[in-house]
Amino acid sequence: MHVFEKNTNIFHLLSEAVTEGILVVDEQQRIVSINGKAAALFGYIKKELMQKSLSLLIPDHFTEAHKSHVKHFLCNKREDGELKANCTLGKRKAGDTFPLELTFHPFQVYGKNYVLALIQDKSETEEIIQNLHLKEDALDATLNGITITDASKKGHPIVYVNKAFINLTGYNESEILDRNCTFLQKNKTHDKGFRVMLKAMALGKKCRVQVKNVKKDGTAFWNEVSINPIKNKKGEITHYVGVHNDISHKKKAEEEIRHFLKIFEDSLNEIFVFDANSLCFTHANYGAIKNTGYSLKMLKKLKITDLFVNGFEKQLRDKLDLILDSSQRKLVFETRIQRKNGSIYPVEVHLQTSSLHSTKVVVAMVLDISERKNYTEELERKVKDRTKELKSSLEKEKELSELKTKFLSMVSHEFKTPLSTILTSATLVSKYTEKEQQEKREKHLKTISAGVQRLTDILNDFLSIERIEKGKQFYNCTRFSLSKVVNEVLYNANMFLKTGQNIKYPMHIEDVSIYQDERIVSLILTNLIHNAIKYSPENTNIILKITIQEKTMQMRVIDSGLGIPEKDQKHIFDRYFRADNVLLTQGTGIGLNIVHSHVTKLGGNISFKSVENKGTEFTVELPISQREIVSV
Ligand code: ADP
């Protein structure tokens, strides 16, 4: 004690000059000297601690252990030895504790043992360490891989990696540390990102790149690397901090999106996107641009309705409301689009809404349906034609069946009279057995012949119709004597003449030969002459006039008979038509129809003039030179 009092000035001077806290305890562990720093550390002024037990400065739970520790130390003292105290906390006057480091130095003065304790406040160091631990924990907790490389050393060896980087690469810490930071890079020459990263590092700049790296197990992955240079106070780069992120999933998703975009972009189907409010195009794919002929720039200045031939903006807006308010998911309609070059094509438009940020847009899939339309039109035309054909053959079939029915009723009706006439005459003929009754016999035989001729004519008419109907009417043109045919026709007609009826024979035809179908010329003449006889009263003349020209022949049959009522004249060549004024006379309404058919087919012409109750004149013109009718 005295010693320190004696030398207090020297100790004071020495102890106050150092930055650490210093105190000296005697063998009873009483504080015999203390510097200001030490007293201040514990929150005392120096004199408050003098002669006080050291335990005052030790937290309670350390006190006993510490006492024995110091005692033991004093008993086994070594003059040059030093001892780190096992106590790491000091107790302040206020009762709180703080981290410290105590180093004991024993010494003897005048045979007495003392211990000098050097006290270092570790509060700040502890804080720094804790801080560091916190940051390291934070780095380890982050999901991004982090590396720190030493830029001052050759090859920039890695000096720190966090857990995420270890997890990311599959390498353990010892396999990573001290390696060059490019050890994950497989392709060092063709990787654009890698080249960019090297360039940035060479310039001491930070960068963010995407590089293709390989894990320890050989799996490739996309690494998004951010490199940040760390500089010291002099501005020199000392470290690089790398932040690594596995973006393989993101890349895959991006590639898929790019792929879908490409499908959309390259599609030959026309796809347009337009603003739901303004109806102006915002985008159009390759198919749309190609088919319309507009560039994307031009399209962006147009509304979708500008492409429609009939515009119909109002109608489109009304329809769009249905999909914009979600009452309908999709809108499909047909319209026509006009290309830039003016041509028009039919389309089927499919509209669906989509949102781009806060803007509502409409996606229009436009299908060119020209082919479908053509096909449909062609199909419709074919169906129409086919229906027409069927209708016509049905009508023909119907007509044929009508003809057959008519024929049967005609047979029963038209055949009845001539047949009964024939029967009566035949019966009577058998009764006239006497020689002088020859005249009567001849009269009845003539009636029989006329009846047979009538039946033959009717049958011939029906056969002619059937031939014409079935397209089996063939003409056989030859050169023949006109007078021969006229004679035969008039001779046969004689038997139908009524009393006092007379046929005027044509003049100047004796040496005339014409080129025609003999049978048809005969049929035409027979029909006209028989009608004239039939529809003229007794005691009238029937005149046949024939004019021969170079290429044609004109035959006129003139009678002074019933005539044809004016209202019926337009139907006179229709099949089965019979005028009102002849219904009491036998007939079929077929003859003139057949004559008209043949004359037309042979390139001729038939006409008539008629006045009711005055008479009728039929005129037939026929070609008669081979050159004229060669095509028949
Ligand atoms: P059909 O004499 O067997 O009735 P046609 O076809 O020969 O049939 O004649 C059609 C119709 O034309 C006759 O029913 C008649 O009304 C009218 N017709 C034809 N020739 C004459 C004529 N010379 N005089 C008056 N009417 C005629």
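Tutor: In this predicted model, a polar side-chain atom of Asp559 lies 2.9 Å from a nitrogen atom of the ligand. A polar side-chain atom of Tyr535 is found 2.6 Å from an oxygen atom of the ligand, and a polar backbone atom of Gly589 is 3.1 Å from an oxygen atom of the ligand. On its own, the ligand has 530 Å² of accessible area, and the protein covers 98% of that area.

The shell that provides this surrounding may be described next. The ligand is surrounded by 20 residues, of which Asn531, Tyr535, Arg578, Thr588 and Leu592 are the closest. Two or more residues of the shell come from each of the elements α19 (518–534), α21 (591–601) and β23 (615–623). Among the contributors, α19 gives the most, with 3 residues.

One of these elements, α21, can also be followed to a neighbouring helix. Helix α17, made of residues 438–469, packs with α21 at an angle of about 45°, and the axes of the two helices are 10 Å apart. Because an angle counts as roughly parallel only under 35 degrees and as roughly perpendicular from 65 to 115, α17 and α21 are oblique to each other. The crossing that α17 and α21 make is left-handed.

Terms used
Residues are numbered from 1 along each chain as its sequence is written. This is a predicted model: local features need pLDDT of at least 70, side-chain atom pairs count only at pLDDT 80 or more; totals for chains, interfaces and linings use all residues. Side-chain values use heavy atoms; hydrogens and water are left out. A residue is near a molecule or strand if one of its heavy atoms lies within 4 Å of it. A polar contact is a pair of N or O atoms within 3.5 Å; within protein, one must be able to donate a hydrogen and the other to accept it, and residues adjacent in sequence count only if both atoms are side-chain atoms. Accessible areas come from the Shrake-Rupley method with a 1.4 Å probe; for residues, only the protein chains shown count as cover. Helices (H or I, at least four residues) and strands (E, at least two) are DSSP runs, numbered from the N terminus. Axes are lines fitted to C-alpha atoms, for helices over the stretch in contact, and angles run from 0 to 180 degrees between N-to-C directions. Angles under 35 degrees count as roughly parallel, over 145 as roughly antiparallel, 65 to 115 as roughly perpendicular and the rest as oblique. A crossing is left-handed if the near helix is turned anticlockwise from the far one by less than a right angle, and right-handed if clockwise.
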